[in-house]
Amino acid sequence: LIESSPEEVGLPGITKPSLQAVIHPNIAGVVQEILVQEGEFVRADTPLIRMDDRVALANLAAAEVAAAQLGPLDLARAELKAAQQHLQRLESVTDVRAVAGQDFEIARAAVGKARANLSTAEGTLRLAKERLAIEQEQVSQLTLRAPFDGIVHHIKANIGERLQENQNLLEIVNTTTLKVELYVPSAMLVKLQIGKVYALQTAFR
């Protein structure tokens with residue numbers, strides 16, 4: 001419920017967008033494309049500026065290849081299975097005299113080595129997948145996107161310009177809802193009630 005004051009009083013003040021964000025890169029790079037214009041309305045997640053991503057894409061491609069290399073892991077698993085089967089065959093012999101003690105030692109050592117090789121292969125693949133995730137994030141960060149619906153303001157970047165981390169590039173503002181700051185004379189403060197809603201109207205129509 002909006003309760004209007006019985007009298008209209010002119011007060012100086014300013015209005016601000018309810019949402020306002022300064023867009024900047026998280027990593028240094030060169031501006032490749034500026035995809036919006038000042039005054040343009042954009043939806044959340046709309047690409048605004050694209051940085052040069054050629055090196056990042058090459059690194060991503062190499063990481064994808066490394067993360068897809070399952071051969072060493074499959075080989076290590078097969079070698080462990082074969083070593084375990086060989087040891088099981090030796091252990092299944094009923095007459096222990098038919099198998100030399102040295103054969104048991106060799107078979108057990110082979111299983112231990114195969115397990116170590118499998119652990120190494122698993123670790124290598126895990127690191128490759130972690131690197132892939134990092135490279136994907138790097139590529140993603142080279143395209144700067146709108147954090148919310150709003151209007152593009154103050155584009156400061158130029159195509160070909162080398163940018164530093166946290167360098168301001170442009171602003172996005174949402175004016176659907178405005179915040180108002182009024183400068184109220186102390187004599188009027190006694191007439192205002194905390195929690196009460198007052199109707200506001202700008203001098204510009």
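## Exercises on a predicted model

Ala 62 is partly exposed, with a relative accessible area of 37% (buried means under 20%, exposed over 50%, partly exposed in between, with a 1.4 Å probe and protein chains only). The model is predicted: local features need pLDDT of at least 70, side-chain atom pairs count only at pLDDT 80 or more, and totals for chains, interfaces and linings use all residues. Residues are numbered from 1 along each chain as its sequence is written, and side-chain values use heavy atoms, with hydrogens and water left out.

### Exercise 1

### Exercise 2

Give the strand order of the open sheet of 4 strands and state which strands stand at its edges.

Step 1. The order is β1-β8-β6-β3, with antiparallel pairing; two strands pair if DSSP finds at least two bridges between them.

Step 2. The edges are β1 (13–23) and β3 (41–42); each has a single partner strand, so one side of each is left without a neighbour in the sheet.

Step 3. Antiparallel strands β1 and β8 are joined by 10 bridges. Within this pairing, Thr 15 is opposite Val 180 in β8.

### Exercise 3

Find the strands that pair with β2 (residues 29–34).

Step 1. Strand β7 (residues 162–163) runs antiparallel to β2, with 2 bridges between them. Val 30 stands opposite Arg 162 in β7.

Step 2. Strand β4 (residues 47–51) also pairs with β2 in the antiparallel sense, over 3 bridges. Here Glu 33 has Arg 50 in β4 as its bridge partner.

### Exercise 4

How many salt bridges are there, and which parts of the chain do they tie together?

Step 1. Take a salt bridge as a side-chain nitrogen of Lys or Arg within 4 Å of a carboxyl oxygen of Asp or Glu. The count comes to 5 salt bridges.

Step 2. One of them joins Glu 181 and Lys 16, at 3.1 Å from N to O. Glu 181 is in strand β8 and Lys 16 in strand β1, so the pair ties together parts 165 residues apart in sequence. Glu 181 is partly exposed at 35%, and Lys 16 is partly exposed at 33%.

Step 3. Asp 149 and Arg 43 form a salt bridge whose closest N and O atoms are 3.0 Å apart. Asp 149 lies in the loop between β5 and β6 (150–153) and Arg 43 in the loop between β3 and β4, so this pair ties together parts 106 residues apart in sequence. Asp 149 counts as partly exposed at 25% relative accessibility, whereas Arg 43 counts as exposed at 52%.

Step 4. Asp 52 and Arg 54 meet in a salt bridge at 2.7 Å, N to O. Asp 52 is partly exposed at 27%; Arg 54 is exposed at 62%.
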